[in-house]
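Take a look at the structure shown here.

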Amino acid sequence: MSGYMTYDEILKKSETLNESYELDVSIFEDVVDELLNSEKDTDSVVLEGFRRLLQSVDGTMENIDTFLDMKPNCFMGCAFCCYFPIRVSKMEAKLFFQSIEHMSSERKEDIFRHWEAYYEKFPQKVETALDIDPEDPDMKWKYKQLNLPCPMLNEETQLCMAYEVRPVPCRTYVNYSDPTVCATQHMPKETVSYDFLYTFYFQAMNELLQALYENGEELSVEYPMDAWSYDYLPGWIRQYREGELVT
Ligand code: SF4
């Protein structure tokens with residue numbers, strides 16, 4: 001396929017997806033089964049589960065693209081979507097921070113320095129963003145209008161500083177049309193969010209944690225409370241920096 005898809009073409013593909021696509025849940029279930037049957041220690045099982053289930057979301061996105069015969073036009077260095085609100089559970093936030101703690105010292109220091117500058121540069125915008133009611137129907141619009149970058153976005157390179165463990169909403173938002181729509185509009189109608197994939201990822205993550213919990217394992221996340229407590233990513237990062245969120 002060449003050229004950019006029109007909005008109507010994208011809508012037609014979405015209909016086909018809704019009507020005919022059968023999601024392969026084994027992509028998620030196999031990760032959980034394999035890890036629960038492994039000899040790895042509990043912390044490694046949870047952290048690896050988190051990373052691999054994020055990859056399962058990517059794999060499912062690729063399957064969808066193959067099924068619909070379409071290809072995103074998103075490219076490295078385009079980061080307009082990194083100004084949208086990213087909401088994650090406390091469980092995901094903790095595993096995200098644990099993943100960062102496992103990075104090289106150089107990478108970690110880069111991220112910590114970046115956060116320091118970020119919270120100094122945008123104190124008011126962060127406050128305003130965190131005050132936006134997540135249930136407000138205009139939440140995304142209000143947040144995006146703030147023009148507040150995600151705290152993981154390196155504004156010079158326009159790259160995510162923790163790309164391999166970026167949250168699900170960062171993975172499931174794609175543009176199959178002209179990429180300039182993301183540059184010129186806050187909420188382009190042509191973009192697609194496969195939000196429903198979060199449910200499959202979350203269920204699998206929940207299944208993994210529940211099995212370990214019922215088995216009496218000591219978990220680095222407080223289960224089930226952490227799985228049901230949500231906030232914007234800048235809020236979790238601020239708590240983590242201030243020592244209020246311990247991994
Ligand atoms: S986590 Fe990374 S990919 Fe997601 S919004 Fe932030 S910078 Fe962008």
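## The model

This is a predicted model: local features need pLDDT of at least 70, side-chain atom pairs count only at pLDDT 80 or more, and totals for chains, interfaces and linings use all residues. Residues are numbered from 1 along each chain as its sequence is written.

## Around the ligand

The residues around the ligand are Cys-82, Ile-86, Cys-150, Met-152, Leu-153, Cys-160, Arg-166, Pro-167 and Cys-170. A residue is near a molecule if its C-beta atom, placed from the backbone, lies within 6 Å of it.

By class, this shell has eight nonpolar residues, no polar ones and one charged. Ala, Val, Leu, Ile, Met, Phe, Trp, Tyr, Cys and Pro count as nonpolar; Asp, Glu, Lys and Arg count as charged; the others, Gly among them, count as polar.

## The largest nonpolar core

A nonpolar core is a set of buried Ala, Val, Leu, Ile, Met, Phe, Trp, Tyr and Cys residues joined through C-beta atoms within 7 Å. Buried means 20 or more other C-beta atoms within 10 Å of a residue's own; exposed means 12 or fewer; partly exposed is in between. The largest core has 41 residues. Phe-28, Leu-53, Ile-86, Tyr-201, Ala-204, Met-205 and Leu-233 touch the most other members. Helices H2, H3, H4, H8, H10 and H11 each supply at least two residues of this core. H10 (197–214) gives the most, with eight residues. Helices here are DSSP runs (H or I, at least four residues), numbered from the N terminus.

Which residues does Phe-28 contact, leaving aside its neighbours within four places in sequence? They are Leu-53, Ser-56, Phe-200, Tyr-201 and Ala-204. Contact means C-beta atoms, placed from the backbone, within 7 Å.

## Where H3 meets H4

The axes of H3 and H4 come within 10 Å and cross at roughly 100°. The two helices are therefore roughly perpendicular (65 to 115 degrees). Axes are lines fitted to C-alpha atoms over the stretch in contact, and angles run from 0 to 180 degrees between N-to-C directions.

From H3, Val-46, Leu-47, Phe-50 and Arg-51 meet Leu-95, Gln-98 and Ser-99 in H4. Leu-47 is partly exposed, because 19 other C-beta atoms lie within 10 Å.

## Thr-172 in H8

Thr-172 lies in helix H8. Is Thr-172 buried or exposed? It counts as buried, with 20 C-beta neighbours inside 10 Å. Beyond four places in sequence, Thr-172 touches Val-57, Met-61, Ser-193, Tyr-194, Asp-195 and Leu-197.

Methods:
Contact = placed C-beta atoms within 7 Å. Parallel < 35°, antiparallel > 145°, perpendicular 65-115°, else oblique.
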